[in-house]
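The following note sets out numbered points for a colleague who has the model to hand. Please read each point with the structure in view.

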Amino acid sequence: MKHSAREEEWAGWMRSAMKGDTQAYHRFLSAVTPHLRAMARRRCDQFGAPASEAEDVVQEVLLAVHLKRGTWDPARPIGPWLSTIVRNKLIDSLRRRGRHVSVPIEDVVATLEAEEKVDPLDRLDAEHMLERLKDPQRDIVRSISIQGAGVRETAERLKMSEGAVRVALHRALKSLAALYRSDGSENG
């Protein structure tokens, strides 16, 4: 499948998902995750980050895609939007670990021109959804996704293994997706 055909298929699934089609959203996430993983690995190589960093970046990207999917303009290609999220999450990860990162202006010029649409209700909605999670899941999602902490840092603070934090994060995201779907069907 050609690059553009694949991305158009992803965009179609995301458009359907944004209209409430949970199967399309699942297909989108299943199809895009291997691509995100490969992109994160390439970016880690490019910036001299350890390969182990890539999986943390992928998890953060998937969460960002879930929480910020409303910022994607369905009239625009989805590939650059995903690439920007991967790049930004990797840079965030490297900064948290004290690495200096310089990014060529060509890589960010498109995002400099874009005006971010931030709805203050999105923050309240995210907090409302987080309150419905149990600890430590709520604390893990808040730590990694909102406060920008890494898996290692979160694990040390909560006195958990990194693997346990990753599993809890994955389960929390799955719970949040189920809560989001159930809220959507009640409100739709």
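**Notes on the predicted model**

1. Gly70 is found in the loop between helix H3 (52–68) and H4. Helices (H or I, at least four residues) and strands (E, at least two) are DSSP runs, numbered from the N terminus. At 62% relative accessibility, Gly70 counts as exposed; the cut-offs are under 20% relative accessible area for buried, over 50% for exposed, and partly exposed in between (1.4 Å probe, protein chains only). The C-alpha atoms of Gly70 and Met18 are separated by 7.5 Å, although the two residues are 52 apart along the chain.

2. On the basis of the model: it is predicted, so local features need pLDDT of at least 70 and side-chain atom pairs count only at pLDDT 80 or more, whereas totals for chains, interfaces and linings use all residues. Residues are numbered from 1 along each chain as its sequence is written, and side-chain values use heavy atoms, with hydrogens and water left out.

3. The protein has nine helices and zero strands, and its pattern along the sequence is α-α-α-α-α-α-α-α-α. Of its 188 residues, 39% count as buried. Contact means heavy atoms within 4.5 Å; among contacts between residues at least 6 apart in sequence, 60% join residues at least 24 apart.

4. How do H3 and H4 cross? Their axes come within 9 Å, at roughly 125°. That angle makes H3 oblique to H4. Axes are lines fitted to C-alpha atoms, for helices over the stretch in contact, and angles run from 0 to 180 degrees between N-to-C directions. Angles under 35 degrees count as roughly parallel, over 145 as roughly antiparallel, 65 to 115 as roughly perpendicular and the rest as oblique. Residues of H3 including Val57, Val61 and Val65 meet residues of H4 including Trp81, Ile85 and Lys89.

5. H4 (residues 78–96) also crosses helix H2 (residues 22–47): the axes come within 10 Å, at roughly 50°. H2 and H4 are therefore oblique to each other, and their crossing is right-handed. Among the residues making the contact are Phe28, Val32, Leu36 and Met39 of H2, and Ile78, Leu82, Val86 and Leu90 of H4. An α-helix has 3.6 residues a turn, so residues three or four places apart point the same way.

6. A search of the whole structure finds one aromatic pair. Trp72 and Trp81 form this pair, which is tilted, with 6.4 Å centre to centre and 45° between the planes. Rings of Phe, Tyr and Trp (its six-membered ring) pair if their centres lie within 6.5 Å; planes under 30 degrees apart count as stacked, over 60 as edge-to-face and the rest as tilted. Trp72 is buried at 3% relative accessible area, and Trp81 is buried at 13%.

7. Arg69 lies over the face of Tyr25, 4.8 Å from the ring centre. The criterion is NZ of Lys or CZ of Arg within 6 Å of the ring centre and within 35 degrees of the ring normal.

8. Not counting residues up to four places away in sequence, Gln137 touches Ala168, Arg171, Ala172 and Ser175. H7 is mostly covered, with seven of its ten residues buried; Arg138, Ile140 and Val141 are among them. Gly148, whose phi is positive, near 80°, follows H7.

Terms used
Left-handed = near helix turned anticlockwise from the far one by under 90°.
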